[in-house]
Amino acid sequence: MPIVEVAISVPLNRTFDYLSDTEVAVGARVKVPFGAKKVVGIVLSNKQKSEFDKLKSVEQILDETPILDKPILDFLFWSAKYYHHPIGEVLLAVLPKNLRLGKEAKIKKVVGLPTQVNQPDFEITDEQNTAINSILVKQNAYHGFLLHGVTGSGKTEVYLRITQAALDQNKQVLVLVPEIGLTPQMIFRFENRLETRVVAIHSQLNETQKLDAYLMAKSGEAGVVLGTRSAIFAPMPNLGMIIIDEEHDGSFKQQSSFRYSARDLSFIRAKQANIPLILGTATPSLETLKNAMDGKLTRLTLANRAGDVMMPKVSLIDMRTNTDGALSKLLVEKMQQYLSSGKQVMLFINRRGYAPVYFCTECGWKSECNHCHASMIYHRHINRLKCHHCGDEKMPEQTCPDCAQPSLEVYGYGTERLEETLGSHFADTPIIRIDRDTTRRKKALAQHLEKINSGEPCIIVGTQMLAKGHDFSNLAMVGILDIDGGFLSTNFRATEYLAQLLIQVSGRAGRSGQQGEVAIQTRFPEHPMFNFVLSNRYTQFASGLLKQRMSAMMPPFAHQAQLCANAKNKDNAQAFLQEVAGLLKSIDMNGVEIWGPTPNSIEKKADYYYFNLYLQSNDRAALHQMLATFTQHIDTIKLKNKVRWYLDVDPID
Ligand code: ADP
Ligand code: ZN
Ligand code: ZN
């Protein structure tokens, strides 16, 4: 009787053998008994012998043809190995839920062709033309490009034209964007231009839509697959090009279970498929800049905004001398000016809720979460204090629990309070607030965006969600509030991220017509970073950071991995990592440094204590050899079952 080797979604570095009546296609799904349950697994091989006896039998063969074909399987194997993640978990994690549950691989509703496509009414610029031609001459083999174009330089136009060229060769194109918020707009731009099926892959689709999108990518019916990070695993038999928009964005890194970077994996997928890879951004990550400097990426530059539009004028407002609360007088005046001339204004504040602190003015007591080492955030519309780490909520205390005085107040600003304050300054102007609280409802974000796109004068208040990608044509001015936390952060990447954020947010201003304006409120106006941001010299700024990283031997000049453990019992979390550190040190590997265990920046979250162990090496192979040996020996660690732990390769936080 044939034996099949099956990958099952369990946190173990092994596969399982089953008896089968017939051979099964490699990459097909089977339903198999596992413990007391029946689970769906992926067949990895057919064999005659097994090292185990008393094998159970395959219950049902779910696919006649592979659901994961050879190229995707190869890519997933590579990914699992690189991130030292169990293969079964990786293979099943990338399937849409309905396939994971064993449902039939059948398309319910074929996405229609966009009925009518429109060609642009402008000529491409010389810079765009050069970029397009440079990519297209390398169209038929692997080649990496950095498309470094300032905000509003027309990178999307470049994507559209190179995509058209790939479609003309009957190839498919994979486009990754960072946020769900960007997909409807990008989808519209692609559908509106290209005569092909454009399917979306992101978390806000329902399960039927996800399955349909996946299967249309797999059948080749979708010419363009546009999605967030998980789309990097979409099966595309005729894949001809990969485009990563806003490549610097942190959301390409998955921050739970299988912690992959879709940006980093795109290099592997493009090499395996032997096709071009295009990383586009106005603010390249230091990793990408280094790759460009090392010649691994060809750099294409769009130095100017398209259509004779100027870069916005950026200025600082010194908040050390400003006692007007969240909004300086100067900012309010500037806003008034733009609104009265029929323009839109956007205020960026990276904190949702009403106020981040609820405290006692008498004794200094501060409301903290009972389950986390973190402040409770006040949300006014529900009159609750909420923890943004564990979700716990409570009614605000009426009197101080420490000194019993009724002297409790909020401090600081979130989007909700800012909206309220704006209402008192601009009673007649619509205010559109976009954060996680106002966009939880399905379609809510799309409705907000539609309102903004109608062009009527309004004030847009937004968080991260609005920072990038959007192209609002009547938005003339951007105000940036409360970014100073970035200067105080302990993350060594904090200034890199802050510069990227400022430039991206600023880039929303004045994208058509007259020159736009950006005002940044800060208590650190002398910080050297502002010099570069104000004068549009991101590359020089980033090159300076790269030099610092090189002399400190930090990423991207060194490679890191992080082992995180958490447990309700603090000692267990710490002792586990101490044991792990002992094991790692016993692995004889030159040139890998080990630090820790150290507590997480937020040590306690949802009653669990978090500790980290860091590994670093200049030699990536040595680091990975050590991690591989570690995962083989993890079972020898006694405290293993007393903690939750994970490994993060190339961590970004
Ligand atoms: P980016 O992605 O680089 O920030 P976009 O692709 O969103 O920029 O382009 C900004 C705006 O400029 C869009 O409205 C786009 O239609 C327009 N645009 C793009 N290329 C040109 C061009 N060659 N001439 C005039 N306008 C252009
Ligand atoms: Zn008190
Ligand atoms: Zn909490």
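Val6 has Phe16 of strand β2 as its bridge partner, in a model that is predicted. Strands β1 (residues 3-7) and β2 are antiparallel to each other and share four bridges; two strands are taken to pair if DSSP finds at least two bridges between them. Helices (H or I, at least four residues) and strands (E, at least two) are DSSP runs, numbered from the N terminus.

In this predicted model, local features need pLDDT of at least 70 and side-chain atom pairs count only at pLDDT 80 or more, whereas totals for chains, interfaces and linings use all residues. Residues are numbered from 1 along each chain as its sequence is written, chains are lettered from A and ligands numbered from 1 in the order in which they are written, and side-chain values use heavy atoms, with hydrogens and water left out.

- Five strands form an open sheet in the order β2-β1-β4-β3-β5, with antiparallel pairing.
- The edges of this sheet are β2 (16-19) and β5 (60-61), each of which pairs on one side only.
- Strand β2 contains Asp17, which counts as buried because its relative accessibility is 8%. The classes are buried for under 20% relative accessible area, exposed for over 50% and partly exposed in between (1.4 Å probe, protein chains only).
- The side chain of Asp17 makes a polar contact of 3.1 Å with that of Lys47 and another of 2.6 Å with that of Ser50. A polar contact is a pair of N or O atoms within 3.5 Å; within protein, one must be able to donate a hydrogen and the other to accept it, and residues adjacent in sequence count only if both atoms are side-chain atoms.
- When residues up to four places away in sequence are not counted, Asp17 touches Ile3, Val4, Glu5, Lys47, Ser50, Glu51, Phe52 and Leu55; contact means heavy atoms within 4.5 Å.

**Parallel pairing around β21**

- Strand β21 (residues 459-462) is covered on both faces, with Ile459 and Val461 buried on one side and Ile460 and Gly462 buried on the other.
- Strand β14 (residues 344-349) pairs with β21 in the parallel sense over four bridges, and Met346 has Ile460 as its bridge partner there.
- Strand β20 (residues 431-434) also pairs with β21 in the parallel sense over four bridges, with Ile434 opposite Gly462.

**Aromatic pairs and charges over rings**

- The whole structure holds 16 aromatic pairs. Rings of Phe, Tyr and Trp (its six-membered ring) pair if their centres lie within 6.5 Å; planes under 30 degrees apart count as stacked, over 60 as edge-to-face and the rest as tilted.
- Tyr83 and Phe258 make an edge-to-face pair, 6.1 Å centre to centre with 80° between the planes.
- This pair links distant parts of the chain, 175 residues apart: Tyr83 is in the loop between α1 (70-82) and α2 (87-93), and Phe258 is in the loop between β10 (239-245) and α8 (262-273).
- Phe258 also forms a tilted pair with Tyr260, at 5.0 Å centre to centre and 45° between the planes.
- Phe258 counts as buried because its relative accessibility is 2%, and Tyr260 is buried with a relative accessible area of 4%.
- One aromatic cluster is formed by Phe75, Trp78, Tyr82, Tyr83, Phe233, Phe258 and Tyr260.
- Arg417 lies over the face of Tyr413, 4.3 Å from the ring centre, and the charged end of Lys605 sits over the ring of Tyr610, 5.2 Å from its centre. A charge sits over a ring if NZ of Lys or CZ of Arg is within 6 Å of the ring centre and within 35 degrees of the ring normal.

**Nonpolar cores**

- The largest nonpolar core has 122 residues, and Leu68, Leu584 and Leu615 have the most contacts inside it. Such a core is a set of buried Ala, Val, Leu, Ile, Met, Phe, Trp, Tyr and Cys residues joined through side-chain atoms within 4.5 Å.
- Helix α17 (residues 570-586) supplies the largest share of this core, seven residues.
- Apart from neighbours within four places in sequence, Leu584 is in contact with Leu563, Ile594, Leu613, Leu615, Met626 and Phe630.
- A second, separate core has 27 residues, including Val158, Ile162, Val175 and Leu300.

**Backbone features**

- A cis peptide bond with omega of about 10° joins Pro555 and Pro556, and Pro556 is in the loop between α16 (538-551) and β24 (559-567).
- Lys54 is not a glycine, yet has a positive phi of about 55°; Lys54 counts as exposed because its relative accessibility is 81%.
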